[in-house]
Each structure stands twice: as C-alpha cells, then as structure tokens.
Amino acid sequence: MRCTRCRGQEACLEIRRHNAAYCEDCFLGFFRDQVTRAIEHDKMFRRDEPVLVAVSGGKDSLALWDVLLEMGYDTAGFYIGLSIPGYSEPSREKCEVFAEARGARLITVDLEEEYGLGIADTAQRTARAPCSACGLSKRYLFNKVAMDNGYRVIATGHNLDDEAATLFGNVLRWQTGYLGRQAPVLPEEEGLVKKVKPLYRLAERETAAYAVLRGIDYIVDECPMSRGAKSLLYKDLLNQLEAASPGSKQSFLLGFLDKARPLFHEQEEVELHPCERCGQPTTTPICAFCRLRDEVSRPRRPRGGRRRGGRSGPRESAAAAASGGPPPAGLVIPLTSVES
Ligand code: Q46
Ligand code: ZN
C-alpha cells in the first residue's frame, strides 16, 4: 500500500479512523500535526511559554516530551520516583537517559526520600490502595513542583485511548462531576497551574509507533499495580468496538468534548483555599497530601487489620486512579473544567 500523503513511499502504518496509511516520514508529520492542532486549537500554551512535561518513562510521556522538544518548545521533564519495586528504578533510568541524550532538564522528586511516601510502603502503612496514594501524590506534586519552578503549564501524556476509557468509566457510573472536569485543558486558577494533554487526539498505537520510529527507549512493562484495573477492561472493549467500526473511539471522545461536556461543566462550584500546613489549594483545612503524610507517620496497624473502606481493594482503586476516578476529600482538584 502506498502512503496516502506523499503517494511515493510504501506505507508503514494504517490509520483506519482517518482512512489513511502513512510512510515513516509522513506518519511523523501526521503525529506532529495532531499535536500542533491540539496545542493551537485548544489554546494549551504559547510558543514562548515554558512547559513542564510529566514523564514516567513510558512511551506516551516520552513521545510527548520528544515531540515538544522537536517542535522547539521550551520544556523540562518532571519525574516522580514512586518506590515501586521492579518498576520505579528502570523507569527513572529511561527518563534520565532520554533527558541526557537531548541535553534537556529533568526535575526529579523521590516520594520516599523527600516525603516518606514510597507507594508500596505507604499502601501497607495506611491500608490505602497503592493507586489511591499514587494518584493523590502525583496530582499534588504536579502542581507544587510546577509552581515552585516557575512553570504555569504542566503537560501529561494522556492519549485518545486513555481519555476514551476514562470517559467510558465516568459515563458507566454517571459521574457528572468528573464528566464536567474531563477536558484536554484545565485552565489555570488561583494556586493551580494549567494542565494540558497534547496527545489526546492520538491513539495509543500511534504514540507507540512514534516512540519506535524516533528511537525512544521507553519502559515497555506497565506499572505492576495496574493489574486488574477497570480502565484496562474499558480499553479492551473500546478496542473491539474500534476494530469493528473505525473512528468510534475518536467520535465518542471528541463528540463528548464538543457536545456533552458543556452540559456538565457548570454543575460544580467548590471553594479552594490554601492548606493550613503546606499552602497548596484544597477544599479542607489540611490537604489530602498532608493528611496522608500524617497517616504514614502513625504507628503501623496490626497485621491482618481490615482495609479502610471495606471492600475497596487495589483493583478498584487502580481503576479509579487510572480513570480519573473519585479523589479523596481535600485533594487538589482542578475545578473549572482532570489528570493520569
Ligand atoms: S503508576 Fe501509580 Fe498508575 Fe502504578 S501505582 Fe497505580 S496510579 S498503576 S497511572
Ligand atoms: Zn497540605
């Protein structure tokens, strides 16, 4: 099959939802076009605006950082060490090697060393599911580290598949608050930096193809804590639908953003004020992150104790975190218009 863009080269990747097939060069052009379209159409950031890119060592976030660097944006990477055995070390290494090869700045924060909140240990000490502690900590640090380092925009590598699966989960349960906040751009507010998702128009296989074609060395294994997450089931179901009817995922997500989200958007008004301890915005006197630190510093619960929240186990919480699910009270939440 010939490339549908240049008509000269042999195509290497078919994109059925666009009725197109591209050679390597044209695919990279298509990828950049989609990112540009997201940045410009959704007014994510300006050319001269510094952007902090949240990187995990996986294909999506490194592909995002790479494409922004290639396009000449002023970026730094931000990596959070989660202390997840067998996963955190290699993922940090991927980010460090990537940054060094490109002469780019990488900011790293180690949750265990700096806050005593390594995820595996925190989950044990607090009876909290790992993904609950992880999601909470990431949201907190994205905002704090961006602000502390003078960045008014933080970009995450969420792709079309991630966003469609999150939407699917929120629709299944009619989580109207989350539906109102699901958007590729969450604007800056008092104490909250702008959050953007420049890859939301690109499918997961396209970010993987981009990473491979660009020679990016990324961590292929998923976080071990994600096993059994509902979001993986939703992705599977949406992939089956996409195979039978190309374009379904895109029209589900883009149609929602265009036609339905505005109906949910104005439903929620929550007042934010600075946490009495750390100063980050919160809805409660002490923010959820500071309360988590308190919990961790308490003596360990006896072995065999019941998990708080009764039946909620790691699987449910992994699903919630991966789908932008229910954050605990007092969490830093972007209110006007959410992360993964
Ligand atoms: S990194 Fe963290 Fe995910 Fe791992 S512990 Fe769960 S939330 S699955 S995006
Ligand atoms: Zn706080």
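This briefing walks through a sheet, a metal site and a set of ring contacts in the structure above. The model is predicted, so please read each feature below as part of a prediction. Six strands make up an open sheet of mixed pairing, and four cysteines hold the zinc ion (ligand 2). Aromatic pairs come to eleven in the count, and two arginines, Arg 47 and Arg 102, have their places over rings.

**The sheet as a whole**

- Across the open sheet the strand order is S5-S4-S3-S6-S8-S7, with mixed pairing. At the edges are S5 and strand S7 (185-186), each of which pairs on one side only.
- In general, strands of a sheet pair through backbone hydrogen bonds, and they may do so parallel or antiparallel.

- How many residues of strand S4 (residues 75-81) are buried? The count is seven of its seven residues, so by the cut-off for burial, under 20% relative accessible area, the strand is mostly covered.
- Cover is found on both faces of S4: Thr 75, Gly 77, Tyr 79 and Gly 81 are buried on one side, and Ala 76, Phe 78 and Ile 80 on the other.
- Strand S3 (residues 51-54) runs parallel to S4, and four bridges join the two. Along this pairing Val 51 is opposite Thr 75, Val 53 is opposite Gly 77, and Ala 54 is opposite Phe 78.
- Strand S5 (residues 106-110) also runs parallel to S4, joined to S4 by five bridges.

**Strand S3 and its link to S6**

- Both faces of S3 are covered too, with Val 51 and Val 53 buried on one side and Leu 52 and Ala 54 buried on the other.
- Strand S6 (residues 153-155) is parallel to S3, with two bridges between them. Val 53 has Ala 155 as its bridge partner in S6, while in S4 the residue opposite Val 53 is Gly 77.

**The zinc site**

- Which atoms coordinate the zinc ion (ligand 2)? They are the SG atoms of Cys 275, Cys 278, Cys 287 and Cys 290, at 2.3 to 2.4 Å.
- The angles among these four donor atoms are 105 to 114°, and the site is tetrahedral.
- Along the sequence, the donor residues follow the spacing C-x2-C-x8-C-x2-C.
- Cys 275 belongs to the loop between strand S9 (273-274) and strand S10 (281-282), whereas Cys 287 belongs to the loop between S10 and helix H12 (288-297); the two are twelve residues apart.
- Cys 275 and Cys 287 are both buried.

**Aromatic pairs and a cluster**

- Eleven aromatic pairs are counted in the model. Among them, Phe 27 and Phe 30 form a tilted pair, with 6.1 Å from centre to centre and 35° between the planes.
- Both Phe 27 and Phe 30 lie in helix H1 (residues 24-41), three residues apart, which is about one turn of the helix.
- Phe 27 counts as buried at 0% relative accessibility, and Phe 30 counts as buried at 2%.
- Why is the pair of Tyr 140 and Phe 289 stacked? The ring centres are 3.9 Å apart and the planes are at 10°, and planes under 30 degrees apart count as stacked.
- Because Tyr 140 lies in helix H6 (residues 130-148) and Phe 289 lies in helix H12, this pair ties together parts that are 149 residues apart in sequence.
- Tyr 140 counts as buried at 3% relative accessibility, and Phe 289 does so at 1%.
- One aromatic cluster is formed by Tyr 22, Phe 27, Phe 30, Phe 31 and Tyr 210.

**Arginines over rings**

- Arg 47 lies over the face of Tyr 73, at 4.2 Å from the ring centre.
- Arg 102 places its charged end over the ring of Phe 98, 3.7 Å from the centre of that ring.

How values were computed. Residues numbered from 1 in each chain as written. Chains lettered and ligands numbered in written order. Predicted model: local features only at pLDDT ≥ 70, side-chain atom pairs only at ≥ 80, totals over all residues. Heavy atoms only, no water. Donors = N, O, S within 2.8 Å, 3.2 Å for Na, K, Ca; no water. Tetrahedral: all angles 85-135°; square planar, octahedral: opposite > 155°, others 65-115°. Buried < 20%, exposed > 50% of the residue type's maximum accessible area, 1.4 Å probe, protein only. Phe/Tyr/Trp six-rings, centres within 6.5 Å; stacked < 30°, edge-to-face > 60°. Lys NZ or Arg CZ within 6 Å of the ring centre and 35° of its normal. Pairing = 2+ DSSP bridges.
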